[in-house]
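Hello,

Please have a look at it first and then read on.

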Amino acid sequence: MTDDQALDRLAAADPVDENALPAPGDAGPARVLSAIVASTPTTKPAPRLLLGLRPLTAVASLVVVAAALALASPPGQGAVRSLVDEIRSVFAGEGAVVRDDGPVQPLRADGIITSAVADGRGGWFVAGGFTRINGERRAHLAHLLADGSIDPDWTPSLAGRAPAHYTWARLALADGRLYVAGTFEMVNGERRGQVVALDAATGAIAPEWRGLVDAVDALTTVAVSSGRLWVGLGGGALVAGEPVRCLVVLDGQTGVPEAAIRPALEPSGDLPCVQAIVANAGRVYVAGHFPAVDGTQRPGIAALDSESGRLLAAFDPPALACDGCFGPPGATALALSGGRLYVGGFFTGAGGEARSSLLALDPATGSLQPFAAEISRENGSIATVLNLAAAGDRLYVGGDFGSVDGQARNGFAVLGPSGELQQGWQPESTTDYVLALATARRVVLAAGAGGRR
Amino acid sequence: MESVDSSVGSEDELRFRRLFADHYRAVLAYALRRCAQRADAEDVAAESFAVAWRRVADTPADPDRERAWLLAIAARVLANQRRSRRRLLGLLERLQGEPPQLALAADESAGTRERHAEVFRALRRLPSRDRELLCLVAWEQLTIGQVGEVLGCTPNAASIRLHRARRRLASELAKAQGTSGHEEIRPRSQGEAP
């Protein structure tokens, strides 16, 4: 093949027919134009406006323009108000506690709900970009009691420099401590880094906690194993002043780094390095975007020894594949149950076998198991599984998808032992992305970001 | 060129409205080719024009350079969007590797889809800067000078990089087809006619 032929083939594969796009005079583009022209002065840049709000582009359409205009323009402009309303709705959080026999406890917040754990007494701890949840004022953390009400006496707070919607956390609960890791700078009014242990009963910072993690990139996940806290990093962090990449292991009591446990992972490009951690029986499984561990190829999924942090070489899963994708496949969620390690993410197969963003592995060897479900988005494009939770013979799946096995499921589904869709579980969901999943016996809390009102 | 209502607005506003009318579809198409979701692409297009509006005084005097100027803005908006997504919503990081949805249009035949998928796979194996350069030429149909403007390099540098990127794409496609590829540029063996 000549170079010219290659370029011709690339041109023929152009995925966009420019002429079929909406003309500038059509309703959508015209609205964007009107909003820009009507509300922003034609003076030289006011970069603070966009820079401060650029993160909003992460999940919302029209958000950046709307946000910029909201700050730049005087109040009273109808177009701006309606756009800002869109922002608020896009960033609302929604969720539900679902039981086998109903009833459903709804969860509504003014920001995304990013994490949840069962409290062991029928209630739940939740975290996210909210300042109100079920009508109560809470600063990014809340305790949902078993009766569905918000615990009036549990009021720890997170705060950060970012807009409130972007102050969120991931949670883990062990030995009476609630571990909180996220994009905050202050906890209960104190500057204690971005990973902190709270007394789960009172919400106070655990008195012996001395941890100081200053994350450069996102803190993506936390898990507890043998009294140690494993923290997943999108990229790097400073831990007690020392640079660390991908994974941090802290003493669960004090938060002091475990000097003897330094897992050797390196990020792959600019993609988040570790996205999910699950631990059991001396093993810590990690998933994300890393090419190798301890110099051995383990692209994206690996098992580590919980005492040393070294690679457990016997666990050698097949590489994920993503046919037809621009970028690499990714694993973003893990769950252990019933002798299986479940892996969710963004992929079309593994080891030469088709799997749509969800698969099961033997936790000892990493061999692919027959478990499979057809998970896809509404338009047939590749779905992403963002969260997994297992309880008994059920696997709860949360993420960005529209159907499972051809049946409509908006971001949340429950699967049986072979991957079959559980028909009885179809909570009415308006959640766009299920970011938080937690189970307690046969009860599940599923929540995330909801934009449809 | 789309018609522009010139009955209202300042000179800057009229210039911006014309830019929007002339190039909105091109900017949206650029973003659609690089975003996993249409909503994300619309974000990129909207923010690109918001930036263009604030910088309208910097619009190139030469109309032939306007498109490249806007695409250069869109490229930076896209990069910022990805960085922000990674930094602040690592848990939502999910779609950077997803193909443009329109690439999987249902009305394409299976053979066409497979041929296109083969191209995407080959493209994916290239360094990201090769990918961007090739797509600017093949999809955005920019001249080499315009490509240089978008990528922030001289036309000469862009030309050299394009030459290498084309070779690498051809090589990847040839590998996918099980052929050696690049017969036309392989070193001549002794005794071979020039």
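Which are the buried residues of helix 6 of chain B? They are Gln146(B), Val147(B), Gly148(B), Glu149(B), Val150(B) and Leu151(B). A residue is called buried if 20 or more other C-beta atoms lie within 10 Å of its own, exposed if 12 or fewer do, and partly exposed in between, with C-beta atoms placed from the backbone. Helix 6 covers residues 144-151 of chain B, and six of its eight residues are buried, so this helix is largely enclosed by the rest of the structure. Just after helix 6 of chain B comes Gly152(B), which takes a positive phi of about 75°.

Before you go further, please note that this is a predicted model: local features need pLDDT of at least 70, side-chain atom pairs count only at pLDDT 80 or more, and totals for chains, interfaces and linings use all residues. Residues are numbered from 1 along each chain as its sequence is written, while chains are lettered from A and ligands numbered from 1 in the order in which they are written.

**The two chains**

Chain A has five helices and 35 strands, whereas chain B has seven helices and zero strands. Helices (H or I, at least four residues) and strands (E, at least two) are DSSP runs, numbered from the N terminus. Read from the N terminus on, chain B goes α-α-α-α-α-α-α.

Of the 453 residues in chain A, 54% are buried; for the 194 residues of chain B the figure is 49%. Two residues are in contact if their C-beta atoms, placed from the backbone, lie within 7 Å. Among contacts with a separation of 6 or more, residues 24 or more positions apart account for 47% in chain A and for 53% in chain B.

**Where the chains meet**

Helix 1 of chain A (residues 3-12) packs against helix 5 of chain B (residues 128-138) at an angle of about 75°, and their axes are 9 Å apart. Axes are lines fitted to C-alpha atoms, for helices over the stretch in contact, and angles run from 0 to 180 degrees between N-to-C directions. The two helices, helix 1 of chain A and helix 5 of chain B, are therefore roughly perpendicular to each other; angles of 65 to 115 degrees count as such, those under 35 as roughly parallel, those over 145 as roughly antiparallel and the rest as oblique.

On the chain A side, Leu7(A), Leu10(A) and Ala11(A) of helix 1 meet Leu134(B), Val137(B) and Ala138(B) in helix 5 of chain B. The residues of this contact divide into six nonpolar, no polar and no charged. Here Ala, Val, Leu, Ile, Met, Phe, Trp, Tyr, Cys and Pro count as nonpolar, Asp, Glu, Lys and Arg as charged, and the others, Gly among them, as polar.

**Cores**

A nonpolar core is a set of buried Ala, Val, Leu, Ile, Met, Phe, Trp, Tyr and Cys residues joined through C-beta atoms within 7 Å. The largest one has 123 residues, of which Val231(A), Leu334(A) and Leu388(A) touch the most other members. Apart from it lies another core, of 60 residues, among them Leu10(A), Phe20(B), Tyr30(B) and Ala165(B).

**Strands of chain A**

One open sheet of three strands in chain A has the order 29-30-33, with antiparallel pairing. Strand 29 (384-391) and strand 33 (412-415) of chain A stand at its edges, each with a single partner strand, so one side of each is left without a neighbour in the sheet. From one strand to the next the twist averages 20°. Strands 29 and 30 (residues 394-400) of chain A run antiparallel and are joined by seven bridges; two strands pair if DSSP finds at least two bridges between them. Val385(A) stands opposite Gly399(A) in strand 30 of chain A.

Elsewhere, strand 10 (residues 177-182) of chain A pairs with strand 12 of chain A in the antiparallel sense over five bridges. The bridge partner of Val180(A) in strand 12 of chain A is Val196(A). Four of the five residues of strand 12 (residues 195-199) of chain A are buried, so this strand is largely enclosed by the rest of the structure.

Best wishes
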